[in-house]
Amino acid sequence: MLQTPRPISVVKQLRTHAVILGSTVAVIWAVFIVDSILGGALLRYGVVPRTVDGLGGILLAPFLHANFNHIAANTVPLLVLGWLVMLRDPRHFLLVALTATITGGAVAWLLGPTNSVHIGASGVVFGFLLFAGWYARSFASIMLSLAVVAFWGGLVLGVLPGEAGISWQEHLGGFIGGALAARWFARDPGRAARLVRL
């Protein structure tokens, strides 16, 4: 006789969410502390547009932050939106983060000003923002996403050229990554489980 799988308890789910989010944020802050001790020496490993060395920065940029205000501004929306992404399936967190990281870094690499360096987790935040609002499609998720946008005033406008020193290219790329991930998983809801098992 086939047994139906037991639903995962809410407490276990929340524990999983806390471990994933906590570990991610802990790594980002650990890198920031080390970089602060080194006097910002790691920041050169961000995305440097149209250079071979700058390609490596595509994967490293989300872990690098210029100062306390920069990392603090990314940490809270990363936690809130990252949690919204995990509400449907915790496996989406890593896969959406990776997609947004790659597309955000790639757009910054292609369109960023010459001799600039693009750093920060905001591309991932923009990926989470789009994914959480579109893919989850629950009223609560959409309301929470909108509340995050309202609280961080003009977050979505960050995909447009604006304030000097802010990588709208990475924001736009992350937003595109969130859209691609949302469409990809919406077509095949079981895809996340298969990818994680590989």
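This is a predicted model: local features need pLDDT of at least 70, side-chain atom pairs count only at pLDDT 80 or more; totals for chains, interfaces and linings use all residues.
Visitor: Does L95 count as buried or exposed, and at what relative accessibility?

Guide: The cut-off for buried is under 20% relative accessible area. L95 falls under that cut-off, so L95 counts as buried. Its relative accessibility is 17%.

Visitor: How far apart in space are L95 and G178, C-alpha to C-alpha?

Guide: In sequence, L95 and G178 are 83 residues apart. In space, the C-alpha to C-alpha separation is 9.9 Å.

Visitor: I102 is in which helix, and is I102 buried, partly exposed or exposed?

Guide: I102 is found in helix α4.

Visitor: What separates the C-alpha atoms of I102 and I58?

Guide: Along the chain, I102 and I58 are 44 residues apart. Their C-alpha atoms are separated by 6.1 Å.

Visitor: How many cavities of 30 Å³ or more are there, and what is the volume of the largest cavity?

Guide: The count comes to 1 cavity of 30 Å³ or more. The largest cavity has a volume of about 30 Å³.

Visitor: Which helix supplies the largest share of the lining of the largest cavity?

Guide: The lining residues are V25, I28, W29, H65, I71, N74, T75, L78 and A121. Two helices, α1 (10-37) and α3 (68-86), each supply at least two of the lining residues. The largest share is 4 residues, and it comes from α3.

Visitor: What is the volume of the second largest pocket, and which residues are closest to its centre?

Guide: The second largest pocket has a volume of about 300 Å³. It is lined by 16 residues. The closest to its centre are T24, P62, F63, A97 and T101.

Visitor: Which helix gives the largest share of the lining of the second largest pocket?

Guide: Helices α1, α4 and α5 (122-135) each supply at least two lining residues. By class, the lining has 13 nonpolar, 3 polar and no charged residues. The largest share, 5 residues, comes from α4.

Visitor: Which residues make the nonpolar surface patch of about 350 Å²?

Guide: One member is V10, found in helix α1. V10 has 56% relative accessibility, and the cut-off for exposed is over 50%. V10 therefore counts as exposed. The patch is made by V10, L14, W83 and L87.

Visitor: How many salt bridges are there, and how far apart are the closest N and O atoms of D89 and R91?

Guide: The count comes to 1 salt bridge. The rule asks for a side-chain nitrogen within 4 Å of a carboxyl oxygen. D89 forms a salt bridge with R91. Their closest N and O atoms are 2.9 Å apart.

Visitor: Are D89 and R91 buried, partly exposed or exposed?

Guide: D89 has 12% relative accessibility, so D89 counts as buried. R91 is at 34% relative accessibility. R91 therefore counts as partly exposed.

Terms used. Residues are numbered from 1 along each chain as its sequence is written. Side-chain values use heavy atoms; hydrogens and water are left out. Buried means under 20% relative accessible area, exposed over 50%, partly exposed in between (1.4 Å probe, protein chains only). On a 1 Å grid over the protein atoms alone, a cavity is a set of points where a 1.4 Å probe fits but cannot get out, and a pocket is an open set with protein on both sides within 12 Å along at least five of seven lines; lining residues have an atom within 4 Å of a point. Grid points are joined across faces, edges and corners, and a volume is the space filled by probe spheres set on the points. Ala, Val, Leu, Ile, Met, Phe, Trp, Tyr, Cys and Pro count as nonpolar, Asp, Glu, Lys and Arg as charged, and the others, Gly among them, as polar. Patches are made of residues with over 30% relative accessible area and no salt bridge: like charges are joined within 9 Å, nonpolar side chains (Val, Leu, Ile, Met, Phe, Trp, Tyr) within 5 Å. Accessible areas come from the Shrake-Rupley method with a 1.4 Å probe; for residues, only the protein chains shown count as cover.
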